[in-house]
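User: I'm new to reading protein models. Could you pick out one spot, go over it slowly, and then walk me outward from there through some of the helix packing?

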Amino acid sequence: MNLRDVYIDEVTSRIPESMRQDVALELESTIDDMTGNDSSEAALFEALRQLGDPQILAARYANRPLYLIGPALFTQYVNIIKIVLPIAVTVVTILSIIGYLTNPIDDTSWSQFLIQAFLQTGAAIFNVVVQTLFWITLTFFIIERAVPEGEVPFSSWKPEQLKKVKPRSTSIYFGSILFDFIATVLMVVLYVNAEQLIRVVTDSESYPLLNASVLDQFFPFVIALAAFGVAIAIYKWMVRHWTKPLALWNALFNIVWIVVTALIMLQPDLISTEALPLIAEQINADLETISRWGVWSVLLTIIIVCILDLAEGLIKAFRR
């Protein structure tokens, strides 16, 4: 069997039997036309090189795609991943963080506890990423091969949709929304478990840094603030760009956050009376200095973060 016949056999063996004879005759004629009167091996090689890989050529004859997700569905495939994957990662991250922060540390050191929490949370995120990509890809793989050729499912684009496109300068990145969710969850979890999680540790004992009775007084305000923050984050996720109403609501949220934080931080008995002497002894400073500088440092940090977030929304929404 010469090389031409080998090539033809490589192609026809990969297509339905009903097509093989016609395709074989067509390929024989095509190769003969490409080589012409030149019967040398070099001319045959050049003709076969132009025809290409027999597997790819067979797929074209059989109208069988050699890809998982084709061009017609690839954009929708990527868009679905962009929507579903961040949500799945966010949910598993929040659940993992809540699970670890609400569990007692027992005899494990803080460093070991954090390393173990980081590794297991990372493993959970990796697992949910793999599972999400697998099931989305499998779904689109089935759709790709079930939909008749020429049809593009999920596509309803019209030129009129361009009128609704917003400037990219006003876009809200998903990472920012994700940070808002995680920060809100962490705030509530740390606040509720402050007596167990925020402690001053010595060689023999540990004391809560914050006075639980003071925190309990402001608990309803913190929960209301957290609900407000989640609502703003959901609003951002729905619109995905800064609008004037969103910017104003976001500004109000940041102002309320500053006010509530200031009310809590400026309580005279916020710092536990057992913890202050231990801190003063370790850093060689008086109690009043520690209390004043510690409280104001935290408060000013929160104020700066809130002002930056507030300003970003107002600038992007109103500078148009």
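Analyst: Let's start at Arg240, which sits in the loop between helix H10 (219–239) and helix H11 (244–265). Helices here are DSSP runs of H or I with at least four residues, strands are runs of E with at least two, and both are numbered from the N terminus. Before going on, keep in mind that this is a predicted model: local features need pLDDT of at least 70, side-chain atom pairs count only at pLDDT 80 or more, and totals for chains, interfaces and linings use all residues. Residues are numbered from 1 along each chain as its sequence is written, and side-chain values use heavy atoms, with hydrogens and water left out.

As background, most residues other than glycine have a negative phi. Arg240 is also partly exposed, at a relative accessible area of 33%. (Buried means under 20% relative accessible area, exposed means over 50%, and partly exposed is in between, using a 1.4 Å probe and protein chains only.)

Now step back into H10, the helix on one side of that loop. H10 packs with helix H7 (residues 174–192) at an angle of about 165°, and their axes are 9 Å apart. Those two numbers are a handy pair, since two packed helices are described by the angle between their axes and the distance between the axes. The axes are lines fitted to C-alpha atoms, for helices over the stretch in contact, and angles run from 0 to 180 degrees between N-to-C directions. Angles under 35 degrees count as roughly parallel, over 145 as roughly antiparallel, 65 to 115 as roughly perpendicular, and the rest as oblique. H7 and H10 are therefore roughly antiparallel to each other. Their crossing is left-handed; that word applies if the near helix is turned anticlockwise from the far one by less than a right angle, while clockwise makes it right-handed.

Who does the touching? On the H7 side the residues include Phe174, Phe181 and Tyr191, and on the H10 side they include Phe219, Ile223 and Trp237. Contact means heavy atoms within 4.5 Å. By class, the contact of H7 with H10 has 15 nonpolar, one polar and two charged residues. (Ala, Val, Leu, Ile, Met, Phe, Trp, Tyr, Cys and Pro count as nonpolar, Asp, Glu, Lys and Arg as charged, and the others, Gly among them, as polar.)

Next, hop over to helix H3 (residues 41–51), which has helix H1 (residues 3–12) as a partner: their axes come within 10 Å and cross at roughly 15°. H1 and H3 are therefore roughly parallel to each other, and their crossing is right-handed. Leu3, Arg4 and Tyr7 in H1 meet Glu41, Leu44, Phe45, Leu48 and Leu51 in H3. Sorted by class, that makes six nonpolar, no polar and two charged residues.

Helix H2 (residues 17–35) also packs with H3, at an angle of about 125° and with axes 9 Å apart. H2 and H3 are therefore oblique to each other, and H2 passes H3 in a right-handed crossing. From H2, the contact uses Thr30, Ile31, Met34 and Thr35, and among the residues H3 brings are Leu44, Leu48 and Leu51. At 8% relative accessibility, Thr12 counts as buried, and leaving aside neighbours within four places in sequence, Thr12 is in contact with Arg20, Val23 and Ala24.

Val89 and Ile125 are 36 residues apart in sequence, but 5.9 Å apart in space, C-alpha to C-alpha. For Ile81 and Leu133, the numbers are 52 residues and 7.3 Å. Not counting residues up to four places away, Ile81 touches Pro86, Leu133 and Ile136, whereas Val89 is in contact with Ile125, Val128 and Val129.

Last, zoom all the way out. The protein has 13 helices and two strands, and 32% of its 320 residues count as buried. Among contacts between residues at least 6 apart in sequence, 74% join residues at least 24 apart.
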